Amino acid sequence: MSARTIQDQVIACKTFVQQAAAHADANASAGPRRRAPMLSTKSKRGYSPRATEDQYFEAVEASSPPVIRVDAANLQRISRQLETIEKRQGPRIAFKAKGTILLLNLFDIVAVQAEGNYVSLQYRPHPYLVHESLSSIANKLKPYGFIRIHRSVVVNISAVEEIQPLPTGEYRLRVRGGMEYLVTRTYKHNLRDLAQLWIGTEWLCG
């Protein structure tokens, strides 16, 4: 299973959890519903005056779907578990650093920046330097949801939280954790990969 597929499934589950939580809050705040009385239009013969002898009509309340009571605390716990599953099942990157081989979750790498003959993996809580070219690592990370936005920067699309257009025709990205990166016009077409659906954003990548 690809990293993108795992991320999409986890996002879908989180969305369901959030919607269920909102539904549970709405149900909790609503008072008890009174069932409408059942009405009949039967005549004294047992039939409606406008009905045939084989027909009669009754106005009944449509049955409501069952309400599932969900505890908000349990929903939050499920959401945290989904994040843990995403990190555990997601791909990892292995590289040599100070005589050892480190294994990092790609989900926790928000960006990769070129620094001379090295690249800096922007990983929480601190970055790591890897002796490799940005072009090489960009090609390796592309199948895992990383896009190039600058000649010296590659970002994790799952970490991008905000896009701001600039008067120069460039864009500014804000990623998870608050860091910001510039998207040059050369690479702005890659922004289309940030989401599967765009609504009301015709200006993007125009």
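Is Arg174 buried, partly exposed or exposed, and at what relative accessibility? In this predicted model, Arg174 counts as partly exposed, at 26% relative accessibility.

**View 1. Salt bridge between Arg174 and Glu161.** The two side chains meet at 2.9 Å, N to O. Arg174 belongs to strand 11 (residues 171-175) and Glu161 to strand 10 (residues 160-165), so the pair ties together parts that are 13 residues apart in sequence. Glu161 has a relative accessible area of 48% and is partly exposed. Through shared partners, salt bridges join Glu161, Glu162 and Arg174 into one network.

**View 2. Salt bridge between Asp108 and Arg124.** Here the N to O distance between the side chains is 3.3 Å. Asp108 is in the loop between strand 4 (100-105) and strand 5 (109-115), while Arg124 is in the loop between strand 6 (118-123) and strand 7 (128-130); the pair therefore ties together parts that are 16 residues apart in sequence. Asp108 is buried, at a relative accessible area of 8%. Arg124, with 41% relative accessibility, counts as partly exposed.

**View 3. Salt bridge between Lys140 and Glu132.** The side chains of Lys140 and Glu132 meet at 2.7 Å, N to O. The structure holds five salt bridges, and the Lys140 and Glu132 pair is one of them. Side chains of opposite charge can pair when their charged atoms come close.

**View 4. Aromatic cluster of Phe95, Tyr123 and Tyr128.** These three residues form one cluster. The count of aromatic pairs in the structure comes to two. In the pair of Tyr123 and Tyr128, the ring centres are 5.8 Å apart and the planes stand at 55 degrees, so the pair is tilted. An angle over 60 degrees would be needed for edge-to-face, and one under 30 for stacked. Tyr123 counts as buried because its relative accessibility is 17%, and the cut-off for buried is under 20%.

**View 5. Arg176 over the ring of Phe107.** The charged end of Arg176 sits over this aromatic ring. Its distance from the ring centre is 4.7 Å.

How values were computed
Residues numbered from 1 in each chain as written. Predicted model: local features only at pLDDT ≥ 70, side-chain atom pairs only at ≥ 80, totals over all residues. Heavy atoms only, no water. Phe/Tyr/Trp six-rings, centres within 6.5 Å; stacked < 30°, edge-to-face > 60°. Buried < 20%, exposed > 50% of the residue type's maximum accessible area, 1.4 Å probe, protein only. Lys NZ or Arg CZ within 6 Å of the ring centre and 35° of its normal. Salt bridge = Lys/Arg side-chain N within 4 Å of Asp/Glu carboxyl O. Helix = DSSP H or I, 4+ residues; strand = E, 2+ residues; numbered from the N terminus.
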